[in-house]
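Welcome to this short tour. Please open the model in your viewer, and we will go from one selection to the next.

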Amino acid sequence: MSSIFGLSDAPPRGWRIVQGELVADPTVAGYLARGREIRGLCQQQDCRRTCQVDLEDLARRGLGAARIQELKPLYKCQRLGGCALAFHEKYGTELTVSVLARLKPAVLRIRCGNCRKTTRARPGAVVARLLAEGLGGHETRVEDLAGLIRGECRGCRVRRWEVAVLWGPRDGPGGPGAA
Ligand SMILES: [Zn+2]
Ligand SMILES: [Zn+2]
């Protein structure tokens, strides 16, 4: 549901909410909704076979709910010595911080991968910080955020950040926006 300000209460097409977190839908239907392309290349010297995963065809065959990760092994060849098929994904809709800023329930959770110390930040505030520090801005992808945090954890002095998008009411006690 969109408001006149372009704010939305619903996850973008191709993303879903799993245990309170906004995550990319790992199924064929999710990849299709995001317009993602998947290509494979076998690294095996005598093979070098390339393939493209035809998402529309898979959906037509009723495999829309199948997970991409589980389908990938089916593209391997039967060579003696094994197949070294590696997949690359590209294009499609990316989740940027400015997209998040328009999603009312979305809040970023920044967590230390070592001691689990956690802080929360509104996407709009993160955009402002990225711009101020010259590290990025509106188009910065959410999946790149963890690598852009330069400081180490104040609790344990380790620099290993994990960033996730929480999905819940922003206001009220205990809500993601409470901190
Ligand atoms: Zn192969
Ligand atoms: Zn820590």
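Into which domains is the protein chain divided? Select residues 28-90 for domain 1 and residues 94-167 for domain 2; these bounds come from an automatic or database domain assignment. Colour each domain in its own way, then look at their C-alpha centres, which lie 31 Å apart.

A word on what you are viewing: this is a predicted model, in which local features need pLDDT of at least 70 and side-chain atom pairs count only at pLDDT 80 or more, while totals for chains, interfaces and linings use all residues. Residues are numbered from 1 along each chain as its sequence is written, and chains are lettered from A and ligands numbered from 1 in the order in which they are written.

**The whole chain**

Now show the protein chain as a cartoon. Starting at the N terminus, you can trace the order β-β-α-β-β-α-α-β-α-β-β-α-α-β. Along the principal axes, the C-alpha atoms fill a box of roughly 55 × 40 × 30 Å.

How many of the 179 residues count as buried? The share is 17%, where a residue is buried if 20 or more other C-beta atoms lie within 10 Å of its own, exposed if 12 or fewer, and partly exposed in between, with C-beta atoms placed from the backbone.

**Stop one: Y91**

Select Y91, in the loop between strand 5 (85-90) and helix 4 (97-101). Y91 is not a glycine, yet its phi is positive, at about 60 degrees. Is Y91 buried or exposed? Y91 is exposed, because 9 other C-beta atoms lie within 10 Å.

**Stop two: the hairpin**

Next, select strand 6 (106-112) and strand 7 (118-121). The two strands run antiparallel and are joined by four bridges; strands pair if DSSP finds at least two bridges between them. To see one facing position, pick R111, which stands opposite T118 in strand 7.

Five residues lie between the strands of this hairpin.
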